[in-house]
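Colleague: I have a few questions about how terms are used for this model. Could you take me through them?

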Amino acid sequence: VFWVSLLCLVVTGASNTTFTSSGNAVLQTNVPAHFRGRVMGVFTMTSQGTNVFGSLLIGGLGSAFGAAGGLAISSAIAVLAAVMSFILAPGFRRLH
C-alpha cells in the first residue's frame with residue numbers, strides 16, 4: 001500500500017506541476033501585455049487560493065460518505081467540470 005500511495009503522490013505532483021506550467025504559458029502567450037499582470041493575478045488567486053474550499057468540500061464529503069465515497073464524489077465533480085469546460089469553451093482547443 002505504501003509504494004502504491006507513493007507512486008500516486010509522485011504522479012499527482014508531476015501532473016500538478018505540468019498543469020500549472022502549461023496554464024502559465026498559455027496565459028502569458030495569449031494575453032495582451034497590458035493585461036498580463038491582472039490576468040496572472042486572477043489565475044494565481046483561483047488556482048492557489050481556492051484550494052481551501054476544495055479541502056473543505058472533500059472533508060465534508062468524507063465525513064458524510066466515508067473516505068472512499070468522498071473521493072469518488074469529488075472525482076466525479078472534477079471529471080464533470082472538465083467535460084463541461086471542454087464542451088462550453090471550444091476556443092481553448094484551438095490555442096496555439
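Modeller: First, a term. A pocket is an open set of grid points with protein on both sides within 12 Å along at least five of seven lines. In this predicted model, the largest pocket has a volume of about 1000 Å³.

Colleague: Which lining residues are the closest to the centre of the largest pocket?

Modeller: Phe19, Phe43, Ala78, Ala81 and Ser85, out of 24 lining residues.

Colleague: Which helix gives the most to that lining?

Modeller: Helix 3, with 11 residues. Helix 1 and helix 3 (51-88) each supply at least two.

Colleague: How does the lining divide by class?

Modeller: Into 12 nonpolar, 12 polar and no charged residues. Gly counts as polar here.

Colleague: Why are helix 1 and helix 2 called roughly antiparallel?

Modeller: The axes of helix 1 (residues 2-30) and helix 2 (residues 36-48) come within 10 Å and cross at roughly 155°. Angles over 145 degrees count as roughly antiparallel. Therefore helix 1 is roughly antiparallel to helix 2.

Colleague: What is the handedness of the crossing of helix 1 and helix 2?

Modeller: Right-handed.

Colleague: Which residues make the contact?

Modeller: Helix 1 brings Thr20, Gly23, Asn24, Leu27 and Gln28. Helix 2 brings Arg36, Val39, Met40 and Phe43. By class, that contact has four nonpolar, four polar and one charged residues.

Methods: Residues are numbered from 1 along each chain as its sequence is written. This is a predicted model: local features need pLDDT of at least 70, side-chain atom pairs count only at pLDDT 80 or more; totals for chains, interfaces and linings use all residues. Side-chain values use heavy atoms; hydrogens and water are left out. Axes are lines fitted to C-alpha atoms, for helices over the stretch in contact, and angles run from 0 to 180 degrees between N-to-C directions. Helices (H or I, at least four residues) and strands (E, at least two) are DSSP runs, numbered from the N terminus. Angles under 35 degrees count as roughly parallel, over 145 as roughly antiparallel, 65 to 115 as roughly perpendicular and the rest as oblique. A crossing is left-handed if the near helix is turned anticlockwise from the far one by less than a right angle, and right-handed if clockwise. Contact means heavy atoms within 4.5 Å. On a 1 Å grid over the protein atoms alone, a cavity is a set of points where a 1.4 Å probe fits but cannot get out, and a pocket is an open set with protein on both sides within 12 Å along at least five of seven lines; lining residues have an atom within 4 Å of a point. Grid points are joined across faces, edges and corners, and a volume is the space filled by probe spheres set on the points.
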